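Hi,

Here is the structure for you to look over. My notes on pockets and surface follow it.

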Amino acid sequence: MNEVLKTISQIGVVPVIAIDDAKKAVPLAKALVAGGLPAAEVTFRTAAAEEAMKAIAAEVPEMLVGAGTVTNHDQLDRALAAGAKFIVSPGFNPDTVKYGLSRGALMLPGTATGGEMEQAMALGLEAVKFFPAEDNGGVKKLKSFAGPYRTLRWMPTGGVNTKNLMDYLSFDQVLACGGTWMVKKDMIEGERWDEITAICREAVRTMLGFRIAHVGVNCGGADEAERLAKLVSAMFGFASRETSKSWFAGDAIEYMNTAGPGAKGHIGIKTNSVERAMYHLGRQGVEFDESTITRNDKGAAKSVYIKGEFGGFAIHLVQ
């Protein structure tokens, strides 16, 4: 996958910005970064778009900035000159897409039909925008396209919000979601940067969906693991079950046949996406033991251990 597309996928949510005052672009970008969303699609719906992109590219280099509502060659040239790393359009115009590709641009044209998607694929595109997403049938329609278009990825935009975000992101052919709900015009005009940051953080929490899966306790051997699991299960009315490496008392307590990572054991944390969790936690300085990564049949990470111990326990993420 293209490296910019990979980063967009890891970030998961791309704020779509219509900004009237380029002077507010940098504090807005910093608010998005602080909220965990270091990406933005700055739309050419306003006269300030070009200057806003230039300012963000120059002063907030950690922000992946793209241009949106690009409908002609002139806008595309100006967007690339301003530092845009990807180009988004509301519809599919083969001429504009071909021109962008000739300039080496990463193109994400808007599509809503199978015919448009096939044309995009014929031009070599790995991903397209699905717009307007909710008005065009939402994730249900995308899943109906999945059979014939298994290699295509989508960025749904239009009607996406915190409430339906995971309906889209839980579908593995969705690259990321674009949205305006965290960057409403009145919030930008009122310079409510803290509010924007808070909404972004809520979106990231919703997307990652961290919750405790289980606690694994290191035991002296398989006999001890079985004995403890059955004892605790009988005490509390849990069902006990055996796995290849352990015994469970219910779903939340795991007794290990042999000691694994962590002096005392490990804590399993579920997440909606291990790949995105690794990216977002990595931005906070969390390090992972990459030798422990397990992957699904599509090559995506499905579990990984965090480096270090926490009160004698290792922590691993599980899909």
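β16 gives the most to the lining of the second largest pocket, with 3 residues. Strands (E, at least two residues) and helices (H or I, at least four) are DSSP runs, numbered from the N terminus. This is a predicted model: local features need pLDDT of at least 70, side-chain atom pairs count only at pLDDT 80 or more, and totals for chains, interfaces and linings use all residues. Residues are numbered from 1 along each chain as its sequence is written, and side-chain values use heavy atoms, without hydrogens and water.

The second largest pocket holds about 370 Å³. A pocket is an open set of points on a 1 Å grid over the protein atoms alone, where a 1.4 Å probe fits, with protein on both sides within 12 Å along at least five of seven lines; lining residues have an atom within 4 Å of a point. Volume is the space filled by probe spheres set on the points, which are joined across faces, edges and corners. Of its 19 lining residues, K245, E254, M256, Y305 and H316 lie nearest the centre. β12 (246-249), β13 (253-256), β15 (288-295) and β16 each give two or more residues to this lining.

The largest pocket has a volume of about 770 Å³. It has 26 lining residues; S9, R153, D172, E275 and A300 are the closest to its centre. Elements giving two or more residues here are α1 (3-11), α8 (165-169), α12 (274-283) and β16 (301-306).

One more item: L231 lies in helix α11 (residues 222-236). L231 counts as partly exposed because its relative accessibility is 44%, between the limits for buried (under 20%) and exposed (over 50%), with a 1.4 Å probe and protein chains only.

Best wishes
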